[in-house]
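Hello,

Here is the structure you are taking over. Please open it first, then read my notes below.

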Amino acid sequence: IRQQVLKLPAVDESGCAKLNQWRERISAQSVTLVFSSFYLGNPSSSFGHTLLRINNSGKNQNIQRELLSYGINYGATPWTQNPLLYTFNGLFGFFPGNFVAIPYYYKVREYNDYESRDLWEYELDLTSEEIARLVDLLWEQGENHYDYYFLTENCGYYMVAVLEAAAPRYEILSGLRKWVIPSDTIVQFKKSGIIKSKKLRPSI
């Protein structure tokens with residue numbers, strides 16, 4: 001089911017310069033699940049939002065290093081601002097959804113500062129092999145897109161899917177209800193035992 005969800009191809013890693021460049025750029029040491037609190041100013045975030053932070057293993061060990069790590073975001077790419085079309089397309093899967101890697105400080109600036117949203121950061125209990133598999137899975141997504149459904153196959157759903165694909169010892173996807181609310185996925189992550197610790201980054 002995880003392979004069906006993520007459309008995973010068979011990849012020949014030998015001599016793949018782009019894959020090696022991606023691994024080096026991400027330089028993953030650990031993974032953090034981030035939940036951004038509710039924001040009624042944007043309908044797509046009215047139930048909160050989840051993303052991943054791939055924590056960089058660089059030599060700079062100061063406390064701000066996490067801001068220079070990569071955030072992995074999954075979201076819809078809307079092509080209209082018309083409220084009726086926006087709602088219809090978001091509910092019935094007519095917007096494409098993509099995984100995007102972006103420096104984490106951009107997301108902190110967007111959510112924490114501009115939108116005054118608290119960020120809950122959950123450190124995940126993953127082995128080095130599982131972290132490496134997650135990095136490769138995210139690279140495999142490339143230009144893949146998925147039909148984005150606001151109430152079901154949304155950011156929370158795909159964060160669960162990609163993490164379970166990287167660490168199949170955790171059963172999370174099967175515990176989700178039909179309607180997937182990002183905050184509900186945090187409950188399932190906690191039940192699975194994948195969360196080691198949490199930290200609050202309060203908004204301004």
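Start with S116. S116 sits in the loop between α4 (104-114) and β5 (119-124). Its phi is near 50 degrees, a positive value in a residue other than glycine. Most residues other than glycine have a negative phi. Keep in mind that this is a predicted model.

S27 is another serine to look at. Phi of S27 is near 45 degrees, again positive in a residue that is not glycine. S27 lies in the loop between α2 (17-26) and β1. S27 is partly exposed, with a relative accessible area of 21%.

Next, the surface. A nonpolar patch is formed there by F38, F47, W79, L85, F88, L91, F92, F94, L151 and W179. Together these residues have about 1000 Å² of accessible area. Take F38 as one of them. F38 is found in the loop between β1 (28-36) and β2 (49-56). With 48% relative accessibility, F38 counts as partly exposed.

Last, a helix pair. Two packed helices are described by the angle between their axes and the distance between the axes. The axes of α5 (residues 128-141) and α6 (residues 155-166) come within 8 Å and cross at roughly 130 degrees. That angle makes α5 oblique to α6. The crossing of α5 and α6 is right-handed.

Best wishes

Methods:
Residues numbered from 1 in each chain as written. Predicted model: local features only at pLDDT ≥ 70, side-chain atom pairs only at ≥ 80, totals over all residues. Heavy atoms only, no water. Patch = residues over 30% accessible without salt bridge, like charges linked within 9 Å, V, L, I, M, F, W, Y side chains within 5 Å. Areas by Shrake-Rupley, 256 points an atom, 1.4 Å probe, with all protein chains shown as cover. Salt bridge = Lys/Arg side-chain N within 4 Å of Asp/Glu carboxyl O. Helix = DSSP H or I, 4+ residues; strand = E, 2+ residues; numbered from the N terminus. Buried < 20%, exposed > 50% of the residue type's maximum accessible area, 1.4 Å probe, protein only. Axes fitted to C-alpha atoms, helices over the stretch in contact; angles between N-to-C directions. Parallel < 35°, antiparallel > 145°, perpendicular 65-115°, else oblique. Left-handed = near helix turned anticlockwise from the far one by under 90°.
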